[in-house]
Amino acid sequence: AYDIEKLHEFFLEHEEVEAHYYEKLKWLWEDGQECGPLVLHGWLYDIARYVAEHCGGTDEHGNPLVIEELEGFFDRLSGVPGYGKEVAYLGGGWSPSVPFKCEDACEEPMVELLVMDYWCNWGKAW
């Protein structure tokens, strides 16, 4: 079982925008909608990818984590071959609304849109 509170404690508690995203993740986890786990797993994949790319670390043999190995982890987690590749492409950062900081008002921020139907078919656009 996942402890969604750990995401808040370790990754998403420091700023207002992070708090916004944490609340959306918690909603996905608790709401029970059919596609919620897929979107949540996209988030978890992106968090794991970020940690691997920015926090370094090696295994007991001195080898760095190979990001693509995360896909296999998600395949085993779900029991569905190819699921890891899907969540890797889906990624994280999804929210019903887009939080902005004051600094964004003077820029042209890029927003990515996720469209998903009842059967969890999805597409992305900028």
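Glu-69 sits in helix α4, which covers residues 69-78. This is a predicted model, and in it Glu-69 comes out as exposed, with a relative accessibility of 51%.

## The disulfide

How many disulfides does a search of the whole structure find? It turns up one. The partners are Cys-35 and Cys-120, with their sulfur atoms 2.1 Å apart. Cys-35 is in the loop between α2 (16-31) and α3 (36-54), while Cys-120 is in the loop between β1 (113-116) and β2 (122-125), so the bond ties together parts that are 85 residues apart in sequence.

On the geometry side, the torsion about the S-S bond of Cys-35 and Cys-120 is about -105°, so this disulfide is left-handed. Both Cys-35 and Cys-120 are buried. Cys-106, on the other hand, is exposed, at a relative accessible area of 75%.

## A nonpolar patch

Which residues make the nonpolar surface patch of about 240 Å²? Val-98, Phe-100 and Val-111 do.

Take Phe-100 from that trio. Phe-100 is found in the loop between α5 (83-90) and β1. Is Phe-100 exposed, partly exposed or buried? With a relative accessibility of 45%, Phe-100 counts as partly exposed, because that class runs between the 20% limit for buried and the 50% limit for exposed.

Notes:
Residues numbered from 1 in each chain as written. Predicted model: local features only at pLDDT ≥ 70, side-chain atom pairs only at ≥ 80, totals over all residues. Heavy atoms only, no water. Disulfide = S-S within 2.5 Å. Helix = DSSP H or I, 4+ residues; strand = E, 2+ residues; numbered from the N terminus. Buried < 20%, exposed > 50% of the residue type's maximum accessible area, 1.4 Å probe, protein only. Patch = residues over 30% accessible without salt bridge, like charges linked within 9 Å, V, L, I, M, F, W, Y side chains within 5 Å. Areas by Shrake-Rupley, 256 points an atom, 1.4 Å probe, with all protein chains shown as cover. Salt bridge = Lys/Arg side-chain N within 4 Å of Asp/Glu carboxyl O.
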